[in-house]
Amino acid sequence: MALKLYGYWRSTASYRVRIALNLKQLEYEYVPIHLVNQGGEQHQQHYLQLNPAALVPTLADDDEDIILNQSLSIIEYLDERYDQGTRLLPCHTLEKARVRALAQDIACDIQPLGNLRVMQALETQFGVAKPEQLKWAAHWIHKGFSALEQRLATQSGNYCFDFAVSLADVCLVPQAYNAKRFGINLETYPQIHKVVSNCEQLEAFVAARPENQPDAPPGS
């Protein structure tokens, strides 16, 4: 199989790429990289050779002899290389820019502040207790979601943009999943809740859910 995705079942960024692969109707081999076991498999030498940043996801495309990191770069590569399935970025320049902006609001400004290595650093390097870590993550999610809610109020339909599922939805659904883990009630954000609920009815999103991955613990 030409495409190989190295990821972790609960990684938000890996979740994005799984959704994109499903929407593009692409077959791929999934290689679990456990971010906690044995100090984190992402730090082992065999994986560092693929991704020196010690992060997931990583995509290998044997047909093109290319290895990519960064979920947004991976998704845009898949969208440009493969015509099949859902087009994740519009062809129109203005619409494409708007989709990218919303996706980056999530992937660049919200998600990194609550990811695993930040939470671990808060605990091990700065002595932040677990309850305060949760408050930290929730604070930044609320701040980001408040802005997203205003944007969606003027542009969303069934999905983030009224024309179709896009890269923005691919980023929003995993972030909503993450928000719930930090105790955030999505109904506080009706536009976000609406879009996420609609996306979660689509098979591509269902198949990509963390609990449906082979490395998910039983009962997760």
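When I call a residue buried, I mean that it has under 20% relative accessible area, with exposed meaning over 50% and partly exposed in between, using a 1.4 Å probe and protein chains only. The model is predicted, so local features need pLDDT of at least 70 and side-chain atom pairs count only at pLDDT 80 or more, while totals for chains, interfaces and linings use all residues. Residues are numbered from 1 along each chain as its sequence is written, and side-chain values use heavy atoms, with hydrogens and water left out.

Let me turn to the aromatic rings, where rings of Phe, Tyr and Trp (its six-membered ring) pair if their centres lie within 6.5 Å, with planes under 30 degrees apart counted as stacked, over 60 as edge-to-face and the rest as tilted. That rule gives five aromatic pairs. One of them joins Tyr8 and Trp9, which are edge-to-face because their ring centres are 6.1 Å apart and their planes stand at 65 degrees. Tyr8 counts as buried at 7% relative accessibility, and Trp9 counts as buried at 6%.

Phe145 and Tyr189 are also edge-to-face, since their centres are 5.6 Å apart with planes at 85 degrees. This pair links distant parts of the chain, 44 residues apart, with Phe145 in helix 6 (residues 130–155) and Tyr189 in the loop between helix 7 (167–181) and helix 8 (190–199); helices here are DSSP runs of H or I with at least four residues, strands are E runs of at least two, and both are numbered from the N terminus. Both Phe145 and Tyr189 are buried.
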